[in-house]
Amino acid sequence: MTAKLFFQAIVKFLLGVLLVGVCIFLPAGTCNFSNGWLFMGVLFIPMFLAGIVMMFKSPNLLEKRLNAKEKEKEQSLVVKLSGVMFVSGFVTSGLGFRFGWYILPKVVTVLAVFMFLLAYLLYAEVMRENAYLSRTIEVQENQKVIDTGLYKVVRHPMYSATVILFLSIPLILGSIYSFVIFLAYPLIIAKRIKHEEKFLEKELNGYKEYKEKVKYRLIPFIW
């Protein structure tokens, strides 16, 4: 761990907290939005703890994830579409609270919190299993195909975890209208996966054979 990496991680974390907070609480017109605070807690507390662990145990992986920037035009579009989805979903949830739109029952919110935390654990397991994980599509030096653990079930378990994570978000916020917006995410990530697999087939030795062995990309027995 270096002082530069520590500073970079803290700054990006605080900027993330600020950006999400503004997108949720500004449209709500108040900070007295309990679902908003609940979401901020379940999102950023585990993220902070995971960052601390990575900083000491796997600083190289943390650095890769902090400095990620898509170079390919098609994947850059996917990132931008995801950003629009997030901002729209957060703003909609805040507006829903301000104007008294239909708020989901508390039991739905509680179940969504459990699903969100479960997805966090799945995400952490994927990161433990695959040291080559990056936020951008690339093949690193000496990279090999990972076919153990969750990678024996689906080819992209990290994306599977994010689907659960992101579809849980609007439910934690209590907004059915925001949930409709977040339904765009599986379609966005499917586009990314198709492009990523074409890239990996050409650039990563053994990936074609891995595709033949593990049939499902994202959801077991479905896709």
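This is a predicted model: local features need pLDDT of at least 70, side-chain atom pairs count only at pLDDT 80 or more; totals for chains, interfaces and linings use all residues.

Searching the whole structure gives 17 aromatic pairs. Take F33 and F97, which form a stacked pair, with 4.5 Å from centre to centre and 25° between the planes. These two come from distant parts of the chain, 64 residues apart. F33 sits in the loop between α1 (3-28) and α2 (34-57), while F97 sits in helix α4, residues 73-99.

Is each of them buried or exposed? F33 is buried, because its relative accessible area is 2%, under the 20% cut-off. F97 has a relative accessible area of 31%, so F97 counts as partly exposed.

Now the pair F39 and F116. This pair is edge-to-face, at 6.3 Å centre to centre and with 80° between the planes. F39 is in helix α2 and F116 is in helix α5, residues 106-129, so the pair ties together parts 77 residues apart in sequence. F39 and F116 are both buried. Both also belong to one aromatic cluster, together with F86, F90, Y120, F166, F182 and Y185.

Next, the pocket. The second largest pocket holds about 210 Å³ of space. Which helix gives the most to its lining? That is helix α6, residues 157-172, with five residues. The lining includes P157, S160, A161, V163 and I164, and also L122, L150 and P220. Sorted by class, the lining has 11 nonpolar residues, one polar residue and no charged residues.

Key:
Residues are numbered from 1 along each chain as its sequence is written. Side-chain values use heavy atoms; hydrogens and water are left out. On a 1 Å grid over the protein atoms alone, a cavity is a set of points where a 1.4 Å probe fits but cannot get out, and a pocket is an open set with protein on both sides within 12 Å along at least five of seven lines; lining residues have an atom within 4 Å of a point. Grid points are joined across faces, edges and corners, and a volume is the space filled by probe spheres set on the points. Helices (H or I, at least four residues) and strands (E, at least two) are DSSP runs, numbered from the N terminus. Ala, Val, Leu, Ile, Met, Phe, Trp, Tyr, Cys and Pro count as nonpolar, Asp, Glu, Lys and Arg as charged, and the others, Gly among them, as polar. Rings of Phe, Tyr and Trp (its six-membered ring) pair if their centres lie within 6.5 Å; planes under 30 degrees apart count as stacked, over 60 as edge-to-face and the rest as tilted. Buried means under 20% relative accessible area, exposed over 50%, partly exposed in between (1.4 Å probe, protein chains only).
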